[in-house]
Amino acid sequence: MIDFVVYGIDEMNGELNRFVDYLHTADVDDDAVFYSRLVSCELITNVLRHCSGAAQFCAELTEGGVKITVCASAPSGRIAIPALPDVLAESGRGLYIVNEVSGGNVFINGGNVTVVIKREVK
């Protein structure tokens, strides 16, 4: 398991690099690593842009995938997965993309968003 807190966009990439290293060390396949980083980036960015405070991140390997959970240190508002947004929309694309690349494995519980990315066993 790996967990960390991101206080600003400027430190997000460093923490995500540690996450990717963790996945590579565990022999997670390249597609799952790519989608796990993409999902993590989207979720952390959403928290930093739309909530007060930091983004709390936790990920663990399960039998069938990479389980990623992100929440705000000070949750605000209701979270929902939008339908396909207009191509020119200013918001809503991130969670839509997360839902698509995870095959709908997005679970929202209170202020926590948990996504499971399926992975191949090497």
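Modeller: Let us start with contacts, meaning heavy atoms within 4.5 Å. Among contacts in the protein between residues at least 6 apart in sequence, 57% join residues at least 24 apart. Please note that this is a predicted model, in which local features need pLDDT of at least 70, side-chain atom pairs count only at pLDDT 80 or more, and totals for chains, interfaces and linings use all residues. Residues are numbered from 1 along each chain as its sequence is written, and side-chain values use heavy atoms, with hydrogens and water left out.

Biologist: How many helices and strands are there in the protein, and in what order do the elements run from the N terminus?

Modeller: Helices (H or I, at least four residues) and strands (E, at least two) are DSSP runs, numbered from the N terminus. The protein has 3 helices and 5 strands, and its elements follow the order β-α-α-β-β-α-β-β.

Biologist: In what order do the strands form the sheet, and is the pairing parallel or antiparallel?

Modeller: Strands of a sheet pair through backbone hydrogen bonds, either parallel or antiparallel. Two strands pair if DSSP finds at least two bridges between them. Here the 5 strands make an open sheet, ordered E1-E2-E3-E5-E4, with antiparallel pairing. Strand E1 (2–6) and strand E4 (106–109) are the edge strands, each pairing on one side only. From one strand to the next, the twist averages 15°; for such angles, axes are lines fitted to C-alpha atoms (for helices over the stretch in contact), and the angles run from 0 to 180 degrees between N-to-C directions. Helix H1 packs on this sheet, where it touches E1, E2 and E3, and its direction makes about 175° with that of E1.

Biologist: How many bridges join E1 to E2, and how many join E2 to E3?

Modeller: E1 and E2 run antiparallel and are joined by 5 bridges. Ile2 stands opposite Ala59 in E2, and Phe4 has Phe57 as its bridge partner there. Phe57 is also paired with Val70 in E3. Strand E2 (residues 52–61) and strand E3 (residues 65–74) are antiparallel as well, with 8 bridges between them. Leu61 stands opposite Val66 in E3, and a hairpin of 3 residues connects E2 to E3.

Biologist: Which residues of E1 lie on its covered face, and which on the uncovered one?

Modeller: In a regular strand the side chains alternate between the two faces of the sheet. On E1, the covered face holds Ile2, Phe4 and Val6, whereas Asp3 and Val5 make up the uncovered one.

Biologist: What share of the residues is buried?

Modeller: A residue is buried under 20% relative accessible area, exposed over 50%, and partly exposed in between (1.4 Å probe, protein chains only). Buried residues account for 39% of the 122 residues.

Biologist: How many salt bridges does the structure hold?

Modeller: A salt bridge is a side-chain nitrogen of Lys or Arg within 4 Å of a carboxyl oxygen of Asp or Glu. The structure has 2 of them. One joins the side chains of Glu15 and Arg18 at 2.9 Å, N to O. These two residues are separated by about one helical turn because they are 3 residues apart in helix H1 (residues 9–25). Glu15 is buried, at 18% relative accessibility, while Arg18 is partly exposed at 41%. Another links Glu60 and Lys67 at 3.9 Å, N to O. Glu60 is partly exposed with a relative accessible area of 32%, and Lys67 is partly exposed with 31%.

Biologist: What is the nearest side chain of opposite charge to Arg119, and how far away is it?

Modeller: In judging charge, Lys and Arg count as positive and Asp and Glu as negative, with His and the chain ends not counted. Arg119 lies in the segment after strand E5 (112–118). Arg119 is buried but has no salt bridge, and its nearest side chain of opposite charge, Asp29, is 6.5 Å away. The side chain of Arg119 does reach the backbone oxygen of Thr62, at 3.1 Å. Leaving aside residues up to four places away in sequence, Arg119 touches several others, among them Ala26, Asp29, Leu61, Thr62 and Val66.

Notes:
Polar contact = N/O pair within 3.5 Å; in protein donor to acceptor, adjacent residues only side chain to side chain.
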